[in-house]
Amino acid sequence: MRTLRRTWRLPSARISLGVLALVALLAVAGGALAPHDPLAQHPVDMLHGPSAAHPLGTDYLGRDVLSRLLAGTGSSIVGALEAVGAAMLLGIVPGIASVWLGRTVEWTAQRAADTLMIMPFTVFAIAVVGALGNGMHQAMLALGVLFAPLYFRVTRAAALGLKQAQYVEAAELMGASRWWILRTHVWGKILPTVAVTTAQAVGQALLVVASLTFLGLGVQPPAPTWGGMLASDLGYLAQQPWAPLIPGAAIMITVGALNILADAVRDSGTAAGDPRVTARVPAVGTAAPAPASAAPAAVDPGPVAPDSVTVPDQVPEKEGELTESVASSPGRAPRTTNGHSEEAEQRVTTG
């Protein structure tokens, strides 16, 4: 929660969250907000430019571009979230288990992650869709499997550092169960790293979903998607060269907001931004306080000039050894060993 509060204080985070909130609203209610039926065809209005009836123009079948853009937001965003959810389930649990369940589980999980990391996204998704059928859920499951090694490595790296922490070792010695240690000491420290990874993974998944729908995988035409709109507009660049910019801008803005949010969360979770670990170094010229257990200097109450000798601000290096400061600022009363200013006549001996 502290990381979230620090993230909210950043202007870039607030802007990106506002953009993502608007995208989420369009993903939920985009079809209801569409001014026209996104599937209705009007051949007499084919390839028309922006107008009052069609603010973003019409496509090669006379369909309203704005309505298709709003209706396609839900399919694109939900597909990316479904892929990232599958990746989190398949990556986080094995990543933590590889640290706490012994060498066999560790070796098996690492070899599986290494194998999945060398597979290309698009080729693997096409193979899975060809085997299981062309559908959004099949394609997103394949995409989630390929994103799982990302969560596995990030979670494992964070858990390895926490396993060697002193408070975790102390909890183990006191007989705490693994589940209690993971819930109490480990998960809260891993969560900011998972949040950063999730924001970046959603942006990458959105790009891959757009690529798959551009190829006609996942969502079947004429259902509107951002990638499908890009594919249909490329055949009519001579009539409408600006048409691909509309779905491309929607993808670019959404992915950019996710990346900015990921950077903000990462910056808020660093040690430099945490006030609890900020070092408190005294300013240059500021005297260090003397320890309470220091032995008091021997004082001989002989008559001396009031401003002749002052007790130094520095802490003595050895017992009974003091560094005398014979220069005092104008108008400043001499300081004694207890730190208060008073006009006492004392003579300090170093014996």
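Q: Are Asp59 and Arg63 buried or exposed?
A: Both Asp59 and Arg63 are buried. The scale calls a residue buried under 20% relative accessible area, exposed over 50% and partly exposed in between, with a 1.4 Å probe and protein chains only. Before we go on, please keep in mind that this is a predicted model: local features need pLDDT of at least 70 and side-chain atom pairs count only at pLDDT 80 or more, while totals for chains, interfaces and linings use all residues. Residues are numbered from 1 along each chain as its sequence is written, and side-chain values use heavy atoms, with hydrogens and water left out.

Q: What makes the pairing of Asp59 with Arg63 a salt bridge?
A: The rule asks for a side-chain nitrogen of Lys or Arg within 4 Å of a carboxyl oxygen of Asp or Glu. The closest N and O atoms of Asp59 and Arg63 are 2.8 Å apart, so the pair meets the rule. In general, side chains of opposite charge can pair when their charged atoms come close.

Q: What about Arg68 and Asp59, and where do they sit, buried or exposed?
A: The side chains of Arg68 and Asp59 also meet in a salt bridge, at 4.0 Å from N to O. Arg68 and Asp59 are both buried.

Q: Which parts does the salt bridge between Glu106 and Arg156 tie together?
A: The side chains of Glu106 and Arg156 meet at 2.5 Å, N to O. Glu106 lies in helix α4 (residues 103-117) and Arg156 in helix α6 (residues 136-163), so the pair links parts that are 50 residues apart in sequence. Glu106 and Arg156 are both buried. Elsewhere, salt bridges with shared partners join Asp59, Arg63 and Arg68 into one network.

Q: How many salt bridges does the rule give?
A: The count comes to six salt bridges.

Q: Why is helix α9 described as largely enclosed?
A: Six of the eight residues of helix α9 (residues 226-233) are buried, so the rest of the structure largely encloses this helix. The buried ones are Trp226, Gly227, Met229, Leu230, Ser232 and Asp233.

Q: Why is Thr73 called buried, and what does Thr73 touch?
A: Thr73, in helix α3 (residues 65-100), has a relative accessible area of 3%, so it counts as buried. Beyond residues up to four places away in sequence, Thr73 touches Val23, Leu26, Ala27 and Trp226, where contact means heavy atoms within 4.5 Å.

Q: Why does Thr7 count as buried?
A: The relative accessibility of Thr7 is 4%, so Thr7 counts as buried. Thr7 is placed in helix α1 (residues 2-8). Leaving out residues up to four places away in sequence, Thr7 touches Ala13, Ala264, Val265 and Ser268.

Q: Why is Phe121 called partly exposed?
A: Its relative accessible area is 33%, so Phe121 counts as partly exposed. Phe121 lies in helix α5 (residues 121-132). Apart from neighbours within four places in sequence, Phe121 is in contact with Leu143, Leu146, Phe147 and Val208.

Q: What makes a surface patch, and which residues form the positive one?
A: Patch residues have over 30% relative accessible area and no salt bridge; like charges are joined within 9 Å, and nonpolar side chains (Val, Leu, Ile, Met, Phe, Trp, Tyr) within 5 Å. Lys and Arg count as positive, Asp and Glu as negative, and His and the chain ends are not counted. Each charge is placed at NZ of Lys, CZ of Arg, CG of Asp or CD of Glu. The positive patch is formed by Arg2, Arg5, Arg9 and Lys189. Lys189 lies in helix α8 (residues 178-214), and at 46% relative accessibility Lys189 counts as partly exposed.

Q: Which residues make the nonpolar patch?
A: Ile126, Phe214, Leu215, Leu234 and Leu237 make a nonpolar patch of about 420 Å², with accessible areas from the Shrake-Rupley method and, for residues, only the protein chains shown counting as cover. Phe214 is placed in helix α8 and counts as partly exposed at 36% relative accessibility.

Note on methods. Accessible areas come from the Shrake-Rupley method with a 1.4 Å probe; for residues, only the protein chains shown count as cover. Helices (H or I, at least four residues) and strands (E, at least two) are DSSP runs, numbered from the N terminus.
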